[in-house]
Protein chains: 2
Amino acid sequence: MVFKKRTRVDLARKILLEHISPIERRERVPIKDAWDKVLAERIVSAIDVPDHRRAAMDGYAVRAEATTGASPTNPVLLREGVDCIRVHTGSPVPDEMNAVVMIEDTIPAEGGEIAESSGIVEIRSAVHPNKHVSTVGEDVCHGDTVFECGHHLRGCDIAMLGMIGISHVQVYARPRVAIIPTGSELVPMQSEPESETNKIRETNGIMVGLYVEKWGGIPVYKDIVIDDPDLIEKAIRTSADCDAIILCGGTSVGARDYVPGAIESLGSLLVHGVGLSPGKPAALGMIDMAGKTVNETEAMPVLSLPGYPVACLVALFEFGCPAISKLARMPLMPDRLMRARLGAKIASKIGYLTYTRVQVDGGVAHPVMTSGAGILSSVTGSNGFVVIREALEGLDEDDEVDVIWIE
Amino acid sequence: MVFKKRTRVDLARKILLEHISPIERRERVPIKDAWDKVLAERIVSAIDVPDHRRAAMDGYAVRAEATTGASPTNPVLLREGVDCIRVHTGSPVPDEMNAVVMIEDTIPAEGGEIAESSGIVEIRSAVHPNKHVSTVGEDVCHGDTVFECGHHLRGCDIAMLGMIGISHVQVYARPRVAIIPTGSELVPMQSEPESETNKIRETNGIMVGLYVEKWGGIPVYKDIVIDDPDLIEKAIRTSADCDAIILCGGTSVGARDYVPGAIESLGSLLVHGVGLSPGKPAALGMIDMAGKTVNETEAMPVLSLPGYPVACLVALFEFGCPAISKLARMPLMPDRLMRARLGAKIASKIGYLTYTRVQVDGGVAHPVMTSGAGILSSVTGSNGFVVIREALEGLDEDDEVDVIWIE
């Protein structure tokens, strides 16, 4: 097997996303469990918020007409409990009143601010109708569309749902993502490889799974598959209980790299080999499922990521994140960025979108020099990525860069 | 009660953070549950990674000395299985070999790439010792400090822990944050306020709780407290099972705003009134607990946030996020930023850090015009905040702005 050709990252991503349909499964959940999920229904308010007129300030509710001409030198005198009513921010404005005079613009009857007994109140400012009054429906009106179907629910949105009296909502189910590590050299993470000569612990699976979860998917951890084309095909075919498949390892062009071939025989291999460093051997495809998937779709996206952990991670960020977000209907959030000055020159190869690892400290991005795709400590010892575009051949010391915070 | 004085937001935050000590409670968890938590121990590797020499390329493992002078025109011939051994990326390099010749630089014995039988292999490139070999400890050496105590564990870090054979780690417990809504006008979110005249549903609690959770805390939801100074003091005193308290409502200077006074009588009111719009009435303090808290500290931070939902949210972002992050020892992550052009002029008041709500669409930030601190739909209808510094009096149409993505 050879690379089909080296595809630019943005084009490869576009090809993949064009083949992905967002999932349709829905579920009804209490609103507090709807946080960070995506609405599968339009939300129309059945009530007005507020549903009664409220004071927007502490002071006295009045009939605006009664305050005409009032000023500090020429106050209007009103009978408390009759012509004016003491109100606090948020408290209801009585039906017969239509405005609020701020407490600062009054001289209360007696006992200062806390007087609630009957007496004469000096009103030292004129107000027009609805002054300092929250009117009915000021926030939301009965019949308003509060959220469209497809809206991603944030903390403030959950409060809004509660405010309009909604206890449960329909949301889209999170996509299930099968994670299949491949490689004859691997043993499960929990085992003691020392007891098995020349084996290494499989850890790409948990890494991919944690990011899948972060991006709104449900990781479905599958067993390690050895480098055997039939077993790899079988592992893919038996993942029909999922919405997408991510394989780690076996994606290059060596004699034991059976994953791209398996994708080709079970569906279509859209991309094999990308202009990404590290991450070049990544492959992307669709598996024919003839409607047998949990989502009843005809085809399921499959990502074949390199086994080297840094390459795996970088390819996951570039392809896994947008693919899962599209399946889950989650918005693609902007990156967390730190602006920094490069502490040293960094090299990159023209034609490759290059992820270099840096540690940002006091506004300076210090390159983490170990650069191998297999050296996970180069990432775990960094707090950011500097991503160098394909057209550039590295960056110079002191260049201003946007550093992507590694979450 | 009057505002102590209007404190600048950055100063108020600094004063609060100076009084907060990160929590000391620890717990031992399986590594997959340690994700997004903070290490409470230093991690030193007990093993080398890799613990054996591995091929970094597909090809033939050789003794480097045996390839001296090899070139396409003058290949060296080696006996497969004797002088050279077929290897794949990641597979062990036999003890007697010290380099790998890439498959592309060989002509295998027979049957092309997949030949593994004995025969003569043409080596067409000379290699030096360790060429294309991952040496023992190349990623991590036995005895290396992999993570310092206090390191925030990301997905890639969990993979690293697994790689060095660690199954459980000590992490700091997440801070417990009591959330106390106050206000005589409030009824629980689940109830039907229509049945109780002039009441409104309490929804700041769930909103605050969801963000607390997002920032690494555990929300502890307390019952609504009516506007009564004794009941408010009691609610604060009975929150000693937590590490911090957030109250919503009752924080201004009106007759029914009892929270700042309660803080003052139970400890110290550090700040009351901040240069934040919306969010001006926020108060910050410390409650004396005489070592009786779950964390055995002498004092517990308390945040008194406005009851108006937008003001509550903005004050929560400015004070709650850094306070909880410091308690939890979580790094303060950079914001998710969108660069945009302002679609219309927006106003702000000098001396106030002003949060304006915008909807970003195609690189243009359109101000969401309803600006009241009580109008939650102004946030739920926005995807970003444009934050205007204290020294400015608004921003002009077409100004370039950094918009903070609302999560």
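Guide: Two strands pair if DSSP finds at least two bridges between them; strands are DSSP runs of E with at least two residues, numbered from the N terminus. This is a predicted model, in which local features need pLDDT of at least 70, side-chain atom pairs count only at pLDDT 80 or more, and totals for chains, interfaces and linings use all residues. Residues are numbered from 1 along each chain as its sequence is written, while chains are lettered from A and ligands numbered from 1 in the order in which they are written.

In chain A, three strands form an open sheet in the order β6-β4-β7, with antiparallel pairing. Its edge strands are β6 (84-87) and β7 (99-102) of chain A, each of which pairs on one side only. On average, neighbouring strands are turned by 35° against each other, direction ignored; the axes are lines fitted to C-alpha atoms. Strand β4 (residues 59-62) of chain A is joined to the antiparallel β6(A) by four bridges, and G59(A) has V87(A) as its bridge partner in β6(A).

P50(A) belongs to the loop between β2 (43-44) and β3 (54-55) of chain A. In chain B, the peptide bond from S277(B) to P278(B) is also cis, with omega near -10°, and P278(B) sits in the loop between β19 (276-277) and β20 (283-288) of that chain. Most peptide bonds are trans.

Key:
Axes fitted to C-alpha atoms, helices over the stretch in contact; angles between N-to-C directions.
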